[in-house]
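I opened the model to look up the ligand shell and then the sheet. My entries follow.

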Amino acid sequence: MGILRTIYYKLSPRGRRIARRIYYFPVDLCDYIFSQRNSMIPPKGKIFIGSGDFEQQGLHICDLLLKHAGLNENSHILDIRCGIGRVAVPLTGILSKNGSYDGFDIVKEGINWCNKKIAPKFSNFHFKHVELKNDLYNLNTEDKAKNFQFPYPDNSFDCIILTSVFTHMMPEDVENYLSQIHRVMKPGGKCLVTFFILNETITQLMVSGKTHFKFHSFGNYSLLDKNVKEANVAFQENYLLKIFEKYQLKASLINYGKWSGNENGLDFQDVIILEK
Ligand SMILES: C[S@@+](CC[C@H](N)C(=O)[O-])C[C@H]1O[C@@H](n2cnc3c(N)ncnc32)[C@H](O)[C@@H]1O
């Protein structure tokens, strides 16, 4: 694990967000003065959800939704952990007034940004802050995802997105979210979810050094850093298949991602489409 990553994980969630703002301040200032940035795109210092090109990645996820999760202009979409609007921004160009977008997240700054910059322009886009504990993102509460009831009625959504979400959650939290997904998804709906999946083939790749990821096993789940519980979490494939069945969700596509060396990966992480 690199030294910068180690230092990064030693900071509190808020400390990490402040460090990021300071680090990117010169770039963001130049950008503010000289560029014509779309006002819905946050400055780099505010993007707390990870590295990579914010706009390109948002477009890429929408492309996956269009090709594999039945997204169309009239879809009713739920973005579980919408972050700071990475997927919401490109969806504003896809959804018509007959469609809708709902997103929730535990980081208030991200939701505030979306409510200030996106919701006033698109009345069918709604963003909610929920207070739940996550080692990497929010230590302001002890409330756990494993007890959380999504604030939406049954059978509300055609399309549900969780990108880079279950890679930050423990098994009991994942199980609760799967049961909630089943509850709020319409029959025939699709859910696109990304994971780090471990199976025998991938374990062999790790052992032979063909992927530089080395997860530490805790049974059904494994951690990249054994001291940070909710940062990079991988799951055993047979455990995932069991819990999909338990919550009556059918995996109609499993595509292994580029992280484990699959050049045909649709994404860096593994992509699964779940159907109800
Ligand atoms: C890597 S980011 C991905 C954000 C977004 N899905 C995207 O692709 O831009 C993970 C997100 O999960 C949120 N998060 C972590 N635990 C959560 C929980 N239990 N419920 C809702 N959001 C959570 C974090 O605040 C963060 O925005």
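I started at the ligand: 19 residues are around it, and Arg81, Gly83, Arg86, Asn134 and Ala145 come nearest. I counted a residue as near if its C-beta atom, placed from the backbone, lies within 6 Å of the molecule. The shell divides into nine nonpolar, seven polar and three charged residues; Ala, Val, Leu, Ile, Met, Phe, Trp, Tyr, Cys and Pro count as nonpolar, Asp, Glu, Lys and Arg as charged, and the others, Gly among them, as polar.

I noted the conventions. Residues are numbered from 1 along each chain as its sequence is written. The model is predicted: local features need pLDDT of at least 70 and side-chain atom pairs pLDDT 80 or more, while totals for chains, interfaces and linings use all residues.

Next I traced the sheet. It is open and mixed, with seven strands in the order β3-β2-β1-β4-β5-β11-β10. Strands are DSSP runs of E, at least two residues, numbered from the N terminus, and two of them pair if DSSP finds at least two bridges between them.

I checked single pairings. β1 (residues 76-80) runs parallel to β2 (residues 100-105), with five bridges; aspartate 79 has glycine 103 in β2 as its bridge partner. β5 and β11 run antiparallel with six bridges, and leucine 192 stands opposite isoleucine 273 in β11. β10 and β11 are antiparallel too, joined by five bridges; there alanine 251 partners leucine 274 of β11.

Note on methods
Helices (H or I, at least four residues) and strands (E, at least two) are DSSP runs, numbered from the N terminus.
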